[in-house]
Amino acid sequence: QVQLQESGPGLVKPSQTLSLTCTVSGGSITANSYYWTWTRQPPGKGLEWIAYISYSGKTYYNPSLMSRSSISRDTSKNQFTLQLTSVTPDDTAVYYCSRVGPGTNLTDRTLGSWGQGTQVFVSS
């Protein structure tokens, strides 16, 4: 059974770059037909997808965050990473990584396999 674990700093200062890593076990990130995603949930708000990378390495971004986000992967470590630049307090959220199939609703935590999430605060 695939398991995902997010890691990264719990606190980031405004204007800095947030870097998060998702370590995957029990399944390869190059396995056919799966998409590896980053999603977040700000306090009191719903889930918002940020970006995802396909099994073949193709990347997709939420247009609202595309200018500040970058998703990449390290197949040798079976990890994928999110970078979010120029963060503001509005980027404070719980960040999740997940594995979903094609056509899956990216903001439905009942679908696919999800990490437990990591809380990130943006504050000076």
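Student: What should I know about the model before I start?

Tutor: It is a predicted model, in which local features need pLDDT of at least 70, side-chain atom pairs count only at pLDDT 80 or more, and totals for chains, interfaces and linings use all residues. Residues are numbered from 1 along each chain as its sequence is written, and side-chain values use heavy atoms, with hydrogens and water left out.

Student: How many disulfides does a search of the whole structure find?

Tutor: The general idea comes before the count. A disulfide is a covalent bond between the sulfur atoms of two cysteines. The cut-off here is a pair of cysteine sulfur atoms within 2.5 Å. The search finds one disulfide. The bond joins C22 to C97, with S to S at 2.1 Å. The link of C22 and C97 is right-handed, with 65° about the S-S bond.

Student: Which strands hold C22 and C97?

Tutor: C22 is in strand 3 (residues 18–25) and C97 in strand 9 (residues 93–100). The two are 75 residues apart, so the pair links distant parts of the chain. Strands are DSSP runs (E, at least two residues), numbered from the N terminus.

Student: Are C22 and C97 buried or exposed?

Tutor: Buried means under 20% relative accessible area, exposed over 50%, and partly exposed in between (1.4 Å probe, protein chains only). Both C22 and C97 are buried.

Student: How do I read the largest nonpolar core?

Tutor: A nonpolar core is a set of buried Ala, Val, Leu, Ile, Met, Phe, Trp, Tyr and Cys residues joined through side-chain atoms within 4.5 Å. The largest one has 24 residues. Those with the most contacts inside this core include L4, V24, W36 and F80. Strand 3, strand 4 (35–41), strand 5 (48–54), strand 8 (79–84), strand 9 and strand 11 (118–122) each supply at least two of its residues. The largest share, four residues, comes from strand 3.

Student: Where is V2, and what does V2 touch?

Tutor: V2 is in the segment before strand 1 (3–7). V2 is buried, at a relative accessible area of 9%. Contact means heavy atoms within 4.5 Å. Not counting residues up to four places away in sequence, V2 touches V24, S25, G26, G27, W36, R99 and S113.

Student: How many salt bridges does the search find?

Tutor: The test is a side-chain nitrogen of Lys or Arg within 4 Å of a carboxyl oxygen of Asp or Glu. Three salt bridges are found in the whole structure. Take R40, which is buried at 5% relative accessibility. R40 meets E48 at 2.8 Å, N to O. E48 is partly exposed, with a relative accessible area of 24%. R40 also bridges to D91, the closest N and O atoms being 2.7 Å apart. R40 lies in strand 4 and D91 in the loop between strand 8 and strand 9, so this pair ties together parts 51 residues apart in sequence.

Student: Is D91 buried or exposed, and which other residue meets D91 in a salt bridge?

Tutor: D91 counts as buried, at 1% relative accessibility. The side chain of R68 meets that of D91 at 2.9 Å, N to O. R68 lies in the loop between strand 6 (59–61) and strand 7 (69–74). Through shared partners, salt bridges join R40, E48, R68 and D91 into one network.
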